[in-house]
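I wrote down what I looked up, in the order I looked it up.

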Amino acid sequence: MAKLRYYDAADKAAAPPKAKAHTEFLRTGRIDRRRWMPNERQYLSYAEVAQQTARKLTTAGETTHRRINGFHASIQFPKMVFHRTLPSSPHLGYCHVTAAKTCLANGHEITWSFYFANFFCELGNETHFFDRIQPGYSRMYFAVAIEPDASEERIVVNRNVRGNGLIFRTQDPKVALKNVLMLGARDEALRRIVRSL
């Protein structure tokens with residue numbers, strides 16, 4: 001993949017409105033030759049781009065958590081907001097919002113994590129988790145089953161659940177909210193309320 005170059009587009013948006021050249025000449029009798037030079041782009045480093053992306057992801061993650069917990073007093077999730085950016089493309093990243101336990105239909109209890117990303121992709125294996133990234137203007141909301149690895153040093157995707165560990169994946173924030181609330185609902189009465197949304 002070609003190395004990307006990022007530049008600060010805020011300078012162009014903040015530029016003052018341009019005065020008419022003939023009006024300025026008639027008013028002052030001088031020609032401002034500095035305007036003839038093209039504006040130079042101020043390029044950003046990967047660290048600066050990653051920092052801006054991190055700030056946006058963290059803000060969106062906290063807002064998402066607040067919306068999930070604001071639905072019903074009996075459906076509350078712990079706040080576990082953290083983010084990661086992709087090393088080769090720091091403008092792309094994902095954010096972990098919350099994690100919880102739930103019982104599946106067969107009575108088996110699993111632990112799951114809810115994420116969103118500022119791109120859409122296919123989920124791959126442990127070494128290359130995001131496959132075929134589509135960096136359009138859409139987000140991807142997804143939940144995966146998790147478990148501690150054999151050495152219990154880190155958390156990995158539980159691939160025994162549905163073959164790949166993926167519980168749901170969607171681009172629609174309303175569908176994602178409904179799915180997370182269904183996973184967090186403790187009894188059938190709450191599930192009926194969530195289904196009616």
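Entry 1: strands S4 and S5. I began with strand S4 (residues 89-103), which pairs with S5 in the antiparallel sense over 9 bridges. I kept in mind that this is a predicted model. I then asked how many of the 9 residues of S5 are buried. The number is 7, and S5 is mostly covered.

I also looked up His 91, whose place is in strand S4. I checked His 91 against Gln 51, which is 40 residues away along the chain. Their C-alpha atoms are separated by 9.2 Å.

Entry 2: strand S8 and its partners. Next I followed S5 (residues 109-117) to S8, and found that 7 bridges join the two strands, which run antiparallel. I wrote down two pairs of residues. Ser 113 has Val 144 in S8 as its bridge partner, and Thr 111 stands opposite Ile 146 in S8.

S8 itself covers residues 140-148. I found it mostly covered, with 7 of its 9 residues buried.

I then looked for other strands joined to S8. Strand S10 (residues 166-170) is joined to S8 by 4 bridges, and the two run antiparallel. Here the bridge partner of Phe 142 is Arg 169 in S10. Strand S9 (residues 155-157) is joined to S8 by 3 bridges, again antiparallel. For this pairing I noted Pro 148, whose bridge partner in S9 is Ile 155.

S8 and S9 form a hairpin, and I asked how many residues lie between the strands. There are 6 residues between them. In this hairpin Glu 152 takes a positive phi near 60°.

Entry 3: salt bridges. Side chains of opposite charge can pair when their charged atoms come close. I looked for such pairs and the count came to 2 salt bridges.

One of them joins the side chains of Arg 169 and Glu 122, at 3.4 Å from N to O. Arg 169 lies in strand S10 and Glu 122 in strand S6 (residues 120-123), so the pair ties together parts that are 47 residues apart in sequence. I checked how open each residue is. Arg 169 counts as partly exposed at 30% relative accessibility, and Glu 122 counts as partly exposed at 30%. Arg 169 was already in my notes as the bridge partner of Phe 142.

I found another salt bridge between the side chains of Arg 154 and Asp 149, at 4.0 Å from N to O. Why does Arg 154 count as exposed? Its relative accessibility is 51%, and the word exposed applies over 50%.

Entry 4: I turned to Val 180, whose place is in helix H4. Val 180 is buried, with a relative accessible area of 0%. I compared its position with that of Phe 142, 38 residues away along the chain. The C-alpha atoms of Val 180 and Phe 142 are separated by 9.3 Å.

Then I looked up Ala 185, which is in the loop between helix H4 (173-184) and helix H5 (188-195). Is Ala 185 buried or exposed? It counts as buried, because its relative accessibility is 3%. Ala 185 and Ile 75 are 110 residues apart in sequence, and 6.0 Å apart in space from C-alpha to C-alpha.

Entry 5: a charged patch. Last, I asked which residues form a positive surface patch. They are Arg 66, Arg 67, Lys 79 and Arg 139. I followed up one of them, Arg 66, and found its place in helix H3 (residues 46-69). Arg 66 is exposed, with a relative accessible area of 56%. I stopped there.

Key
Residues numbered from 1 in each chain as written. Predicted model: local features only at pLDDT ≥ 70, side-chain atom pairs only at ≥ 80, totals over all residues. Heavy atoms only, no water. Patch = residues over 30% accessible without salt bridge, like charges linked within 9 Å, V, L, I, M, F, W, Y side chains within 5 Å. Areas by Shrake-Rupley, 256 points an atom, 1.4 Å probe, with all protein chains shown as cover. Lys, Arg positive; Asp, Glu negative; His and termini not counted. Charge placed at Lys NZ, Arg CZ, Asp CG, Glu CD. Buried < 20%, exposed > 50% of the residue type's maximum accessible area, 1.4 Å probe, protein only. Pairing = 2+ DSSP bridges.
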